[in-house]
Each structure stands twice: as C-alpha cells, then as structure tokens.
Amino acid sequence: MVQRSSETLGRRWRWLHPLAQRYATAFQGVRYPRRRDVTGFLLRDHEFSQERRKYAAELRVERWIAPDQRMRPAEAAAHWEIPAITSIGALAEWLEVDTSDLEWFADLRRLAGKGDPRLAHYHYTAAIKRSGAIRLIEAPKSRLKAVQRRILEQMLDRIPIHAAVHGFVRGRSIRTFIGPHVGKRVVLRMDVEDFFPSFSAARVQSFFRTAGYPESVADLLGGLCTNAVPRSAWSLFHLDMGAAQLREMADLYGRAHLPQGAPISPALANLCAWRIDRRLSGLASSAGAEYTRYADDLAFSGGEGFEQRVERFSLHVAAILLEEGFHTNHRKTRIMRRGVRQYLTGLVANDRVNIVRADFDRLKATLNNCVRQGPASQNREGHVDFRAHLLGRVGFVETIHPEKGNRMRQMFEQIQW
C-alpha cells in the first residue's frame, strides 16, 4: 500500500507506513475491501485526518489508480462455470437491457415506489399466519422477473450447493430432506426466523464478489436480486395487528433483502447460507448426528449419544445462527424422541417417510365432499384458485405415497368444476 499511496499522494510521506499498518490491521482477512469501506476507514483515521489538514496545500493526486476490472474469484469459487462479466456495460449486454434500465431495476438508492406505487418493481400481498406472524409476498413485475430468471438459469444454477441443502434444489426434495432422519432415536427440529428478510443486500453483494465479479458489477447484481419495501406499501394491507408490530415489520422489510416471492431468492439464499450449512454440518458431525436443511427448516438426528446432549446441542445451533446474523424461532424448536411422532415439514419420519394420518383423512374428506356437494362448499379459506390448491395437495401425496396419491387423484377427477 505504501508504494501505491506514494504514487497517488505525490511522494513518500513519513506517516504513510504507519497508516498502511493500520489499514492492514483494519482489513485483515478481507480479500478485496470495498471502495466505500476503504474511504470510510481513511475518513475515520484520526492521524491521517491531522496530516491531511496539516499538509492540505501540498497533498495532491499524482495518479488515479483505476479499479481492476477483471474476474477475481475466491479460491472456493475458482472453478465455478459462470459467465465472466467485468463491467457495467457487459452486464447490461448480458442481461439484454439498456444500461439505464439496468440501473433502474437495480435501484441501489432504493427510490422505486417511494413516491408513486406504480413505479415500484414489485407487487405486494400480505397475510397474517396462524402463528400471528406476517407473510409478505414480494412478486417482481414481468421485466424484472425476466432479468432475475436469466441470472438464476445462466449463473446461479451452475454453482454447486451444499450437500445438506434439499429445498429448491434440482434432484432433491422433501423426501431427501427427511430421509437421513428416518428411524433415528431422536430428531431435533429447528426453524430460522424471518429467513428471506435476514439475507441483506450487503450479504448478497458479497456473494457476487466472492464469485469474482468486480465491485460495480456485484453491487448491481445484488440490487437486481434484493428489494426494500417502501413504508407506503403497508397502507395497502388491512392487517389486524398492533401499531408496534406493524412498525417492526416495516423496519424489517424496509431494509434491502431477498424478497420472498422472487424466482431468484431460494437459490441465492441457499448459496449465501453456505457458511452456515458448513458450520452446522461440522457441529452435527462432531456430535455424531445428521444434518439437513429445507429452506428455513433445520433437522438433526442421531442415536443414543446425540440424545443425551441434544438440549445443549440445540443451544450451540442457535448460537451459530446468531453469529451468522440469523435468529432461531424457539417456539418451533422440537426435540422428538422415538416414543412420539417425529414430524418434519408436514411428514412423519419415525419408521419411514409418511403423511400424517389426520392430514390424509382431511384431504380425503374434502375431496369426497367436493364430489358430492361441489367444490365451492369446501373452499372455506377462500383460495383464489381452489382447483390448483387441491391439485397441489393431491400431487404432494403422490410424491410421498404413490398408491394413496393415485386414489386421491381419481377422486379429484370426479369433481365437477
């Protein structure tokens, strides 16, 4: 840094070497510091500020050092077969949009929709879940969705996913998520609170920098894949909730994050959670346990040794999540021993992967009543497309239990829509 600084500031100042040492300490372990972080460091450095004021008349920019615009992947990403994009213009060309449109869609200043909701890049729908929490769906509009799908299909789908991840991964499913835990002496289920909103734009941009993209390109890619919900959007919803809870949700979603409802979010969440999955896999291995994750659902299982320390183990998991910037939804933590139903993502895992009998009987009764009384009589929750809702439930049964699913489908086909 001293040599480059002397080239930039005109000559070799005595205070440059101590400044370089402080810089090296501040950014130890950071492969490629962001320009704004370096600028912030210099502005906060007291000794540099004193020297800058002291020699203001003599300090000058001798030579601007242009940023290195080339792919510089981290070691783990060196073999990823992703497109090489080294400039903003190249990114716009690759995405088949104008540079102005690219910057508008990325919206790094988060101005879209703050004034006129029609200018927002997302459609919003919100509902209160049975638990009392809010489910906010952020669906990108058609042009942004097309851009996100290109990033997903031509870039993200080419990057390997951690072996413990089973949600939204081609060739993996709920069955493969539950499979390692079938027949185990004890199963621990944990849940990550506010999963998608917890992935900040900074974390997403850092991932793209890890992949090797220059800072300017990584920032725009991060902007294209994240969203900050304007406060004005919450006035569109009629939610039965207190003002304090509404403010809390507005603050949470008002920070740029991965939007639940965007096609790119599940894949990016899986990729950005690589470090978490690696740490939890290592923790599980050290305890003689298995670990798998399906989106925000975490599952651990093991034998007698794991059963004896499962309570303490769950605290270690919560601590790792907290260190990585996430929170555990402790109300959903369950320790399920063999004497009780071991329940994961709506399925039973005691002896084999199976559907809960009550859920199966409820679906069977609903289909039977639809045949006898018509589907409108059974749509008590007001689904917009009740046919698609029922068909999805039947399809789910088919993936778990083909024989039962076939009988359900035969009943479905008898319904008069």
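Q: What share of the contacts in the protein with a separation of 6 or more comes from residues 24 or more positions apart?
A: The model is predicted, so local features need pLDDT of at least 70 and side-chain atom pairs pLDDT 80 or more, while totals for chains, interfaces and linings use all residues. Residues are numbered from 1 along each chain as its sequence is written, and side-chain values use heavy atoms, without hydrogens and water. A contact means heavy atoms within 4.5 Å. Of those with a separation of 6 or more, residues 24 or more positions apart account for 69%.

Q: How do helix α6 and helix α10 lie to each other?
A: Helix α6 spans residues 99–106 and helix α10 residues 215–225. Their axes (lines fitted to C-alpha atoms over the stretch in contact) are 7 Å apart, at an angle of about 60°. Angles under 35 degrees count as roughly parallel, over 145 as roughly antiparallel, 65 to 115 as roughly perpendicular and the rest as oblique. The two helices, α6 and α10, are therefore oblique.

Q: Which residues in α10 does α6 meet?
A: The α6 side supplies Leu 102, Glu 103, Phe 105 and Ala 106. On the α10 side they meet Leu 220, Gly 223 and Leu 224.

Q: Which residue in β2 is the bridge partner of Ile 128?
A: Strand β1 (residues 122–128) and β2 run antiparallel, joined by seven bridges. Strands pair if DSSP finds at least two bridges between them. In β2, the partner of Ile 128 is Ile 134.

Conventions: Axes are lines fitted to C-alpha atoms, for helices over the stretch in contact, and angles run from 0 to 180 degrees between N-to-C directions. Helices (H or I, at least four residues) and strands (E, at least two) are DSSP runs, numbered from the N terminus.
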